[in-house]
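Me: I would like to go through this model with you, first as a whole and then residue by residue. Could you begin with the overall picture?

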Amino acid sequence: MKRIINKVAVLGSGIMGSRIACHFANKGVQVLLLDIVPRELSDVEAKKGLTLDDKNVRNRIVNESLASTLKANPSPIYDRKFASRISTGNFEDDMSKIADCDWVMEVVVERLDIKKIIFEQVEKYRKPGTLVTSNTSGIPINLMAEGRSDDFKKHFCGSHFFNPPRYLKLLEIIPTKHTDPAIVNFLMNYGDQYLGKTTVLAKDTPAFIANRVGIYGIMDLFHYIDKEGFTVEEVDRLTGPVIGRPKSATFRTCDVVGLDTLVHVANGLHAAVPDDEKNAVFALPAFVQYMIDNKLFGDKTKKGFYQKVRKPDSSSEILAMDLKTKEYKAQEKPKFASLGQAKQIDDLKDRIKFLVSAKDRAGDFYRASYSGLFEYVSNRIPEIADDLYKIDQGMKAGFGWDLGPFETWDAIGLEKGLKIMEAAGKKPAAWVTEMVAAGHTSFYKTENGTLLYYNIGKKDFEKVPGMENFIILDHIRPSKTVWSNSECAIEDLGDGIINVEFRSKMNSLGSGVLAGVNKAIELAEKDYRGLVIGNQAPNFTVGANLAMVLMMGIEQEWDELNFAIKYFQDTVMKLRYSSIPVIVAPHGMTLGGGCEMTLHADAVQAAAETYIGLVEFGVGLIPAGAGTKEMTLRASDRYLKDDVELNAYREYYLNIGMAKVATSASEAFTMDILKHGRDHISMNKDRQIQDAKRQAILLAEQGYQQPIRRNDIKVLGKQALAMFEVGAFQMVEGRYISEHDKKISSKLAYVMSGGDLSAPTEVSEQYLLDLEREAFLSLCGERKTLERIQFMLKTGKPLRN
């Protein structure tokens with residue numbers, strides 16, 4: 001049976017329900033969001049003379065929940081206008097509408113009795129064959145299905161999203177013994193391909209996979225630091241990005257999620273898994289019980305492991321709790337010799353291997369933490385999952401780890417991990433010992449670009465299921481690299497398509513990257529059908545190498561700087577006017593020069609989570625890698641279609657002048673960075689390189705024709721220049737921008753107007769490229785611009801001077 005999801009009902013509009021509704025709307029699905037009817041009027045409703053029978057009153061809970069969610073930052077929705085895809089209602093008046101839905105998802109309070117009442121209503125109105133799932137985080141799925149019809153049971157399972165659903169990739173699918181395997185397969189694929197999720201098949205065990213392991217890890221850490229005297233600041237320094245975990249690390253994450261939420265799950269596990277060999281770990285240490293008793297839950301109560309306070313001078317300060325005295329104090333910067341040394345190690349796996357061997361307190365911490373984790377996850381197979389890769393996928397997608405537990409063990413070394421465990425008095429599951437005895441030295445290995453994992457049941461390695469849908473550059477790089485330098489690599493993706501991958505620090509666009517892009521075009525034009533520009537780092541690129549620009553500006557090496565800018569321009573224009581199709585695959589932060597490359601692709605395959613924009617204004621410059629030229633060209637093309645001259649140019653000018661960044665690939669379409677009908681979005685970033693490859697093949701097979709350089713860009717000269725200057729003057733007068741901002745905006749206006757031409761004129765791309773390069777160079781000679789660049793390099797933040 002072919003199954004298409006056009007409309008979804010989400011039952012329950014709380015934090016999770018509203019956000020899940022928004023994410024389905026992100027995909028373009030119609031959503032029916034329902035919740036309970038209020039039992040009494042609010043003060044506002046009473047003053048208006050409304051009654052409990054008024055529709056607005058009856059839908060107040062759902063409407064207020066959705067409105068609150070749409071105000072959240074970061075936003076749960078790609079584009080605010082997508083909210084129109086969500087209609088609201090209540091359980092009493094609108095439950096019958098689920099008959100029109102293809103999928104009904106329950107997201108109500110975590111009480112089995114209430115969920116059963118909801119499912120009784122769902123059974124009454126759903127059409128046969130409709131999918132029904134629960135977003136429960138721990139109630140046994142099989143208990144919710146009791147008493148339901150065979151058709152209901154056949155189409156029912158758990159679908160556990162992680163909060164926030166837009167940003168955390170994990171979706172656990174938990175079938176019962178009655179669930180049709182075809183339904184499980186459908187949901188696994190739908191979550192992956194259409195919702196952008198890492199879908200993990202979990203067993204119907206307490207807390208499923210990720211929360212079972214994640215909560216164990218947090219509780220084990222709590223007990224360890226309680227005993228060893230580590231501070232809040234030390235733990236968050238040790239458990240953050242340095243080991244490939246989120247910046248919020250441990251205690252900041254607890255404050256954001258809510259300590260009460262974490263404790264609720266821990267208490268549930270303590271009661272639900274009495275036979276777990278680590279059951280005692282789920283009991284609360286004294287300092288956690290103290291915080292619960294005093295309602296120190298974190299952000300929701302304004303106090304947790306951290307507290308934000310206002311100082312006498314009106315500035316704010318974030319204090320940290322002293323876990324011994326339970327008092328808040330000024331934060332102290334943790335000092336560990338090994339962490340200072342680890343900063344020099346770029347590769348995460350090498351860094352972790354170094355840290356677990358460190359001889360200081362940090363090394364002790366890591367050895368204790370990892371030995372306990374390795375013991376626990378090895379013993380959870382086959383209880384919570386039959387295969388080790390599912391645990392790794394769950395922790396990476398649900399908790400934001402760069403490496404799962406078994407991947408981390410591989411990074412340290414299987415044998416070394418066992419020695420660390422033995423020294424700590426920990427013992428792995430029997431299957432690990434048997435695996436080592438059989439001569440295996442890792443849990444994963446790569447053969448011919450394919451990732452294999454150790455199958456415990458078969459006692460041998462086999463392919464990780466689903467990986468055939470992805471191209472993972474880490475896997476193919478060793479055997480498929482055709483050219484490389486210190487900043488990039490060119491890989492053969494097969495079928496006549498090559499990929500150029502940035503590998504510089506933060507993927508900044510220096511001379512090595514540009515050399516690689518030029519080499520890739522040269523190779524593709526000679527021996528291949530098309531080129532993809534893509535990578536799988538956290539961000540596509542932060543833009544040009546500002547340190548180089550600063551150095552040349554300070555040294556006043558204008559000829560060298562002019563050459564560097566022109567080299568960048570020439571490279572970007574070569575993307576546009578090569579004889580082969582070029583697909584750019586941006587994701588994450590795609591700033592400045594990365595945006596300029598994207599603007600000049602034949603087609604773009606953007607990840608849904610792409611934050612893209614021309615941000616040079618923030619460091620006192622204008623886009624000079626063909627970005628200002630291109631936005632002027634697009635304004636001209638829009639004018640030719642819409643016949644609204646100044647409005648079109650003003651919009652593009654403001655996007656650059658305000659350094660506006662699209663908060664999603666969808667929003668990038670509204671900014672005309674991406675183009676409808678030409679560019680596409682990959683909901684799942686793991687599929688992006690494969691999707692980009694398909695686009696390159698498609699363009700090649702359609703008979704790709706090399707474009708002709710443009711000489712017909714209409715600029716408005718003095719007419720536009722005057723408008724821009726008046727606007728900048730008013731902004732200065734209103735103290736919205738500084739005098740230096742005005743100077744930058746005047747340079748931008750001059751380029752986008754085509755100079756001070758006396759009348760509207762058609763100009764060439766090269767004419768505008770020369771203007772933008774000249775403007776960029778002149779701004780690099782400004783002291784305040786150099787101060788801005790220096791401040792950005794030091795703090796990562798823009799300076800307004």
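**Overall picture and selected residues**

Reply: The chain holds 34 helices and 25 strands; these are DSSP runs numbered from the N terminus, helices being H or I with at least four residues and strands E with at least two. The model is predicted, and local features need pLDDT of at least 70, side-chain atom pairs count only at pLDDT 80 or more, while totals for chains, interfaces and linings use all residues. Residues are numbered from 1 along each chain as its sequence is written, and side-chain values use heavy atoms, with hydrogens and water left out.

Me: What is the radius of gyration of the chain, and what would a compact globule have?

Reply: The chain has 28 Å, and this agrees with the value near 28 Å for a compact globule of 801 residues. The radius is taken over C-alpha atoms, and the globule rule is 2.2 Å times the number of residues to the power 0.38. Along its principal axes, the C-alpha trace spans about 80 × 70 × 65 Å.

Me: How much of the chain is buried?

Reply: Of the 801 residues, 54% count as buried. Buried means under 20% relative accessible area, exposed means over 50%, and partly exposed lies in between (1.4 Å probe, protein chains only).

Me: What share of the contacts joins residues 24 or more positions apart?

Reply: Such pairs make up 69% of the contacts with a separation of 6 or more, a contact being heavy atoms within 4.5 Å.

Me: Where do the mean positions of the positive and negative charges lie relative to each other?

Reply: They are 1 Å apart, for 104 positive and 106 negative charges. Lys and Arg count as positive and Asp and Glu as negative, without His and the chain ends; each charge is placed at NZ of Lys, CZ of Arg, CG of Asp or CD of Glu.

Me: Let us turn to Glu501. Is it buried or exposed?

Reply: Glu501 counts as buried because its relative accessible area is 4%. Glu501 belongs to strand E17, residues 497-502.

Me: Which side chain makes a polar contact with that of Glu501?

Reply: The partner is Arg477, at 2.8 Å. A polar contact is a pair of N or O atoms within 3.5 Å; within protein, one must be able to donate a hydrogen and the other to accept it, and residues adjacent in sequence count only if both atoms are side-chain atoms. Beyond four places in sequence, Glu501 also touches other residues, including Leu473, Cys488 and Asn535.

Me: Where is Ser578, and what does its side chain meet?

Reply: Ser578 sits in the loop between helix H25 (558-576) and strand E19 (582-585). A polar atom of its side chain is 2.9 Å from the backbone oxygen of Ile580. Ser578 is buried, since its relative accessibility is 1%, and its contacts beyond four places in sequence include Tyr704 and Pro707.

Me: What about Gln393?

Reply: Gln393 is in helix H18, residues 388-399, and counts as buried because its relative accessibility is 19%.

Me: Which peptide bonds are cis?

Reply: One joins Asn163 and Pro164, with omega about 0 degrees; another runs from Ile381 to Pro382, with omega near 10 degrees. Pro164 lies in the loop between strands E6 (156-161) and E7 (170-175), and Pro382 in the loop between helix H17 (361-379) and H18.

Me: Why single those out?

Reply: Most peptide bonds are trans, and most residues other than glycine have a negative phi.

Me: Where is phi positive, then?

Reply: Ser314 has a positive phi of about 75 degrees, and Arg735 has one near 60 degrees. Arg735 is in the loop between helices H31 (718-733) and H32 (739-752), and counts as exposed because its relative accessibility is 79%.

Me: Lastly, is Ser753 buried or exposed?

Reply: Ser753 is buried, given its relative accessibility of 0%. Its place is the loop between H32 and strand E25 (761-763), and it touches residues including Val715 and Phe724.
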